[in-house]
2 protein chains.
Amino acid sequence: MKLICWSRFVKNLLPCFLLLTLLLCLNNAALSSPAVKDLPSWREGHARQSIIDFVKAVTSAGPDFVKPEDRIAVFDNDGTLWCEAPIYPQLQFAIDRAKQLVVDKPSLAELPPVAAAVKGDLAAITALGPKGTLELLAVTHSGMTTEQFSQIADDWIRKAQHPRFKRPYTDCVYQPMLELLSYLRQHGFKTYIVSGGGVELMRSFSQRTYGIAPEQVIGSSCKLRFEMVDGKPQILRLPEVQFVDDREGKPVGIQEFIGRRPIAAFGNSDGDLAMLQFTCCNDRSRGRSLGLIVHHTDAEREYAYDRVSMVGRLDKALDEAKKLGWTVVDMKGDWNRVFAFDHDQ
Amino acid sequence: MKLICWSRFVKNLLPCFLLLTLLLCLNNAALSSPAVKDLPSWREGHARQSIIDFVKAVTSAGPDFVKPEDRIAVFDNDGTLWCEAPIYPQLQFAIDRAKQLVVDKPSLAELPPVAAAVKGDLAAITALGPKGTLELLAVTHSGMTTEQFSQIADDWIRKAQHPRFKRPYTDCVYQPMLELLSYLRQHGFKTYIVSGGGVELMRSFSQRTYGIAPEQVIGSSCKLRFEMVDGKPQILRLPEVQFVDDREGKPVGIQEFIGRRPIAAFGNSDGDLAMLQFTCCNDRSRGRSLGLIVHHTDAEREYAYDRVSMVGRLDKALDEAKKLGWTVVDMKGDWNRVFAFDHDQ
């Protein structure tokens, strides 16, 4: 009797198990489907392979495995995630702001960097040196609350257009790098921006453009002051530099904000050299790392510049990359698409 | 024939569906089991209820709903998450470091704050004012790389003991606040520490003690300098203050690091007033917020102090809390357990 019951029980459950097995197989097949290729805008080659090999090494059981909480990846913004030529978007923002401010307060045009900005005379701004640029930034980026400034930055980034591509700057982001950001996050990485750009301007679009939350954006900043005005709290932006997140400032910013050495760094200029040195460490006993430089070699689809450029100069970092085995991306050869609006090539 | 097949198919699958239904029911029952109570170390009352009501309001569909990415909660550390009496652990760390440094370099004892620290003379340190304290911190917290300092901080926090409770400082954390941190995270909040304590010391234990990653700790810091030494990167700690994350510094630190106004703030002293003002905003049209102050009223299980205390003075913030309807936790009445090592009461 017992035997018969068991036999019936097994017989009745059999179709159920077969069904479940079939569902599980279908599910696994979908997950490992070769139809969806990683990093589709990257052509087969050393650059793409070095990324895939690195991610595989640090996420698989083995000597190079890194715990998910230590998988920190840092990205420069200008020239690494979005187009920085022919003029840094942050500087274009300052110029546009200066033009607007002078309408309300013409006396501002007496300041040489503001006068140069209003004329759109980049050579004159450059000729005034760092002091002139800081003065221009102070006039255009301070004297309001952080909330007012966020609104100004947000309005600008939604309206301003890249002079050559005639599209919002946030469309002029590199499709292969967007895929790389996603790919790293899918493998448990926390992705950060570490850029010389003003932190508030970048935070106004980082989430919707890159999927990077404001608190994962490290940038240059001005001093701030908290005060209560008529019982309401506000934070004022002061005309003084707090932090320049460029060159040796980048590893310092990373230490201050993240408190840990990243394991992957992505840049495109000498301004990123210290961040790459800090991340890659030149010491394999400290674990595997990935250093990558985007080399602008594609005048047709974007721009071609390196050792003598005024914008995003890449000279010493290119030599170091070759010496230390960092990955150098040849934009023209390694990317089958630069912008999302390009056709596949 | 077809009918018979269907009938057999249904009959065979029936036990399978019954089994699945039973499993689903059991699973749901476990999830909604009333046996696991939220915030078990909080006694029923206004404080506990105000937390639960707030979390329910901002996480449920309705006028107060807040998207998960905007659910930022900030916690002071000293006196809010761990015991700060009779002496801030950070100051005890500086004193212990001074004693050790003088062994290797006796001439340091010629500096008045170091001499006072070596004697353990708190009154003398206090009498030297902020300048004396800063000098003590400069001597004990700088002059090494960030990696060396992390190791020093980690060694100290694992060995040092609270003078009254004779346990590691990391055991002297408030059990109800640990439950609150978990409870908020379970409801999609991102929890941050925003404290006057040195950022590197807090980061050495924040993950294992509070479940808060190093990059979610904002604290006071010294200036840093990146340099390459024999081809290896290092960051040096300089004897200069970079940022004091106390009082009006707290909202500034939040803006710099997080870039957004939090919706919940937890503190215990006048040092947290600006952070509470910034968070709660005194303006319901800007969305619902929670401000909470831990009032130290329990000399038996912990300490009792407020308006005239040298450590964690709570005076103006207590008045503001009453005026603005922030939650004030009566440690003695609202918590059935202060430390994990207490017995339930």
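# Exercises on a predicted two-chain model

In this predicted model, chain B is superposed on chain A by a rotation of 180° with 0.0 Å of shift along the axis, and the RMSD is 0.0 Å. That relation is the one a two-fold axis gives.

## Exercise 1. The interface

Find how many residues each chain puts into the contact, and which elements of chain B supply them.

Solution. 
- Step 1. Count each side: chain A gives 33 residues and chain B gives 33 residues.
- Step 2. Assign the side of chain B to its elements. At least two residues come from each of α1 (2-31), β3 (217-229), β4 (232-243), α11 (249-257) and α12 (273-280) of chain B.
- Step 3. Pick out the largest share. That is α11(B), with five residues.
- Step 4. Sort the side of chain B that touches chain A by class: 17 residues are nonpolar, eight are polar and eight are charged.
- Step 5. Compare the two sides. Of the interface residues of chain B, 100% are also interface residues in chain A, so the copies meet through the same surface.

## Exercise 2. The fold of chain A

State how many helices and strands chain A has, and what percentage of its residues is buried.

Solution. 
- Step 1. List the secondary structure: chain A has 14 helices and seven strands.
- Step 2. Take the burial: of the 345 residues in chain A, 42% are buried.
- Step 3. Look at contacts in chain A with a separation of 6 or more. Residues 24 or more positions apart make up 65% of them.

## Exercise 3. Two helices of chain A

Decide whether α4(A) is roughly parallel or roughly perpendicular to α6(A).

Solution. 
- Step 1. Two packed helices are described by the angle between their axes and the distance between the axes.
- Step 2. Read both values for helix α4 (residues 112-119) and helix α6 (residues 129-141) of chain A: the angle is about 80°, and the axes are 8 Å apart.
- Step 3. Apply the cut-off: angles of 65 to 115 degrees count as roughly perpendicular. α4(A) is therefore roughly perpendicular to α6(A).
- Step 4. Name the residues that meet. From α4(A) they are A:P112, A:P113, A:V114 and A:A117; from α6(A) they are A:G132, A:T133, A:E135, A:L136 and A:V139.
- Step 5. Class the residues of this contact: six are nonpolar, two polar and one charged.

## Exercise 4. Backbone exceptions

Solution. 
- Step 1. A:P86 sits in the loop between β1 (72-75) and α3 (89-104) of chain A.
- Step 2. B:P86 sits in the loop between β1 (72-75) and α3 (89-104) of chain B.
- Step 3. A:D230 belongs to the loop between β3 (217-229) and β4 (232-243) of chain A.
- Step 4. B:K166 belongs to the loop between α7 (146-159) and α8 (175-186) of chain B.

## Exercise 5. Buried or exposed?

Classify A:D230 and B:K166 as buried or exposed.

Solution. 
- Step 1. A:D230 has 6 C-beta neighbours inside 10 Å and so counts as exposed.
- Step 2. B:K166 has 8 C-beta neighbours inside 10 Å and so counts as exposed.

Note on methods. Residues are numbered from 1 along each chain as its sequence is written. Chains are lettered from A and ligands numbered from 1 in the order in which they are written. This is a predicted model: local features need pLDDT of at least 70, side-chain atom pairs count only at pLDDT 80 or more; totals for chains, interfaces and linings use all residues. Helices (H or I, at least four residues) and strands (E, at least two) are DSSP runs, numbered from the N terminus. A residue is buried if 20 or more other C-beta atoms lie within 10 Å of its own, exposed if 12 or fewer, and partly exposed in between; C-beta atoms are placed from the backbone. Two residues are in contact if their C-beta atoms, placed from the backbone, lie within 7 Å. Ala, Val, Leu, Ile, Met, Phe, Trp, Tyr, Cys and Pro count as nonpolar, Asp, Glu, Lys and Arg as charged, and the others, Gly among them, as polar. Axes are lines fitted to C-alpha atoms, for helices over the stretch in contact, and angles run from 0 to 180 degrees between N-to-C directions. Angles under 35 degrees count as roughly parallel, over 145 as roughly antiparallel, 65 to 115 as roughly perpendicular and the rest as oblique. Copies are superposed by least squares on the C-alpha atoms of residues with pLDDT of at least 70 in both.
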